[in-house]
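Work through the exercises below with the sequence and the 3D model open. Each task is followed by a solution in steps.

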Amino acid sequence: MPETTPKGLTGLAFGGDYNPEQWPENVWHEDVRLMREAGVTMVSVGIFSWALLEPARGTHDFGWLDRLLDLLHENGIRADLGTPTVAPPAWFYREHPEALPVAADGTRYEFGSRGAICHSNSDYRAAAASITTALATRYADHPALALWHVHNEYGVPVSACYCASCAAHFRRWLARTYKTVDAVNEAWGTAFWGQRYADFEQINPPRVTPTVGNPAQALDYKRFADETMRENFVAERDILHRLAPGIPVTTNFMTALSQCDSVDYWAWGREVDLVTNDHYLITDGRRTHVNLAMAADLTRSVAGGAPWLLLEHSTSGVNWQPRNPAKSPGQMARNSLAHVARGSEGAMFFQWRQSRRGAEKFHSAMLPHAGTDSRVWREVVELGASVESLTSVKGSRTVADAAMLWDWHSWWAQTLDWRPSEDHDPRERADRFYEALYDRHLTVDFAHPEADLSAYRLVVVPALYLMTEAAGNNLREYVGHGGTLVVSYFSGIVDEHDAVHEGAYPGALRDVLGLTVEEFSPLLKDDRVRITGPDGSELTGDVWTEFVVPRGAETVWTYADGLTAGHPAVTRHRLGEGSAWYVSTRLGAQGLDALIGWASDDARIAPRADLPRDVEVVRRSGESGTFLFAINHTSSDAKVSLDAAGTELLTGERAAGRLVLPAGAVRVVRLDG
């Protein structure tokens with residue numbers, strides 16, 4: 001089995017992307033001195049360095065990288081060494097312009113950014129294998145080497161190419177996947193609009209068409225593009241495994257639903273030795289720490305619950321959003337340690353020294369333009385000491401209370417053209433359901449719809465338009481054996497080929513929910529509906545309503561107005577030893593809180609009424625002990641009840657009974673016993 005932790009890293013990882021090629025070598029020694037002052041334990045290097053490492057085809061210049069890695073080793077700093085295949089050099093594109101990707105409208109992108117790659121191009125694949133082989137041959141035994149970092153953020157900014165090379169590769173993929181062209185016709189429903197194919201050579205990528213194209217073809221092309229990128233990762237990974245055994249191989253994910261929508265991370269998580277992730281706050285005015293917690297929980301789940309590593313986040317503001325505010329004092333530490341609470345084995349940043357040139361010169365860094373006489377630098381040094389004090393957390397696992405089902409293939413299918421309402425957004429539903437669970441202080445695992453769910457009392461399905469028959473059977477078995485399930489509208493509608501399940505909606509979920517839906521009735525923009533409970537209480541829904549017919553389910557809340565007035569809005573179905581809840585409209589925060597509360601009662605999950613809103617309490621547990629992370633995102637002091645006494649690791653103080661949690665602070669208690 002490959003190693004799954006960075007070689008030689010005894011504590012948690014702390015550091016960031018280091019790009020010394022942007023600076024004179026006399027700066028490197030100053031950088032390393034400051035890294036030691038800040039407590040840096042690992043840096044990522046070489047990620048964008050192909051043009052320097054191979055200035056002409058077959059001509060390598062490793063001298064500068066030799067000196068850099070030696071310098072890092074002499075100072076006790078480990079290296080996460082990149083294969084620079086995200087940024088082929090200008091000479092490569094001059095020789096192989098066809099390796100530049102083509103958009104669906106036929107536009108060929110130009111050199112001058114990053115990630116401009118046709119992943120089907122054989123010349124790119126050969127060149128990537130060559131530089132990877134050269135790096136592995138030279139550095140496999142270097143004492144600084146802790147981790148291999150393949151490529152960078154696959155899927156961003158380009159995942160799918162529509163060129164002739166990709167068309168040929170797509171046909172081969174279809175032949176391998178479906179065996180016969182008749183099977184493709186059946187899966188894609190090509191009898192509609194006369195789209196039937198007589199042989200594979202007639203099939204092209206889903207390029208721009210006069211009106212909406214075939215949705216099943218578009219869905220398969222998303223799968224093909226994702227698998228093609230993964231083929232290239234696996235090719236580099238296998239070279240590294242062969243030439244540098246004992247060094248784990250990763251690539252940095254972007255699991256947050258706000259950051260990447262083109263990668264099936266369930267599949268990618270099975271291919272890396274260590275799951276790593278990049279996360280950046282989306283400054284849309286919302287509670288950014290909730291999105292952070294969701295991304296960390298999703299990353300941990302992609303890792304199968306095992307520890308993972310935050311490979312990039314920012315010390316303060318980024319530079320690629322319309323508005324890029326700075327982080328408030330203490331926010332960097334809260335962000336970093338919230339990732340650690342939810343399973344990360346450290347906190348890494350982009351980047352170490354802030355760039356003077358290029359597209360990201362206004363992106364914050366550990367060592368900012370302002371230098372060491374700055375708030376950011378002082379907070380970096382303080383955070384480094386905090387991370388060092390949490391060494392005993394290494395290897396422990398985050399403990400979850402509930403699960404949320406998510407599937408990237410369903411998301412891809414849901415976002416294709418011509419659905420009942422453009423106002424229904426599966427990501428929005430996932431965000432809002434997660435926020436409702438977060439506000440009840442529940443730690444969430446994410447799970448694939450066909451995964452074993454027996455460990456969870458409560459499972460939530462915010463948006464699974466595409467659901468296989470196997471997934472439907474899985475949920476029926478889960479509820480029958482005592483689980484509590486919550487399902488939101490427009491779930492279970494189509495199979496893996498975007499074909500509506502035979503019979504009434506919601507096909508794959510009819511039995512477990514104990515109902516059918518005769519018809520969808522989406523609302524017009526800004527319309528609202530009232531729904532009422534048996535006690536006269538009232539909630540509000542928008543975007544979506546349905547004509548629900550109970551087939552064993554009981555009606556809990558009813559539409560009070562609108563076209564669906566008198567029909568069930570929220571139902572509950574007792575099945576075997578468990579129960580399944582269904583909500584057929586888009587509930588706001590108040591409604592979701594009520595729904596999750598009812599379901600939590602069914603699941604026998606006790607409320608945590610003693611915790612204020614925006615105070616996180618998360619546990620990690622392992623052979624080294626049980627650790628309670630308490631994070632205060634508010635401007636007021638709080639108190640957190642402890643079920644055992646322990647030692648607070650950041651201050652060294654003893655804690656018992658009730659832990660005092662100052663405003664904006666983080667505390668980590670290693671519980672006794």
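A residue is called buried when its relative accessible area is under 20%, exposed when over 50%, and partly exposed in between (1.4 Å probe, protein chains only). The model is predicted, so local features need pLDDT of at least 70 and side-chain atom pairs count only at pLDDT 80 or more, while totals for chains, interfaces and linings use all residues. Residues are numbered from 1 along each chain as its sequence is written, and side-chain values use heavy atoms, with hydrogens and water left out.

**Exercise 1. Describe the overall fold in numbers.**

Step 1. Of the 673 residues in the protein, 60% are buried.
Step 2. Helices (H or I, at least four residues) and strands (E, at least two) are DSSP runs, numbered from the N terminus. The protein has 17 helices and 29 strands.
Step 3. The radius of gyration is taken over C-alpha atoms, and the globule rule is 2.2 Å times the number of residues to the power 0.38. For 673 residues a compact globule would have a value near 26 Å, and the protein agrees because its own value is 26 Å.
Step 4. Along the principal axes, the C-alpha atoms fill a box of roughly 75 × 75 × 45 Å.

**Exercise 2. Is helix H11 mostly covered or mostly open, and what follows the helix?**

Step 1. Among the buried residues are Arg334, Asn335 and His339.
Step 2. After H11 comes Gly343, with a positive phi near 115°.

**Exercise 3. Which salt bridge links Glu435 to a distant part of the chain?**

Step 1. A salt bridge is a side-chain nitrogen of Lys or Arg within 4 Å of a carboxyl oxygen of Asp or Glu. The structure holds 42 of them.
Step 2. The partner of Glu435 is Arg287, with the closest N and O atoms 2.8 Å apart. Glu435 belongs to helix H14, whereas Arg287 is in the loop between strand S7 (276–278) and helix H10 (288–302), 148 residues apart.
Step 3. Both Glu435 and Arg287 are buried.

**Exercise 4. Contrast this with the pairs Arg300–Asp297 and Arg619–Asp643.**

Step 1. Arg300 and Asp297 form a salt bridge, the closest N and O atoms being 2.7 Å apart. They are separated by about one helical turn because they are three residues apart in helix H10.
Step 2. Arg300 is buried at 1% relative accessibility, and Asp297 is buried at 0%.
Step 3. Arg619 and Asp643 meet in a salt bridge of 2.7 Å, N to O. Arg619 is in strand S23 (residues 615–622) and Asp643 in the loop between strand S25 (638–641) and strand S26 (646–648), so the pair ties together parts 24 residues apart in sequence.
Step 4. Arg619 is partly exposed at 26% relative accessibility, and Asp643 is exposed at 58%.
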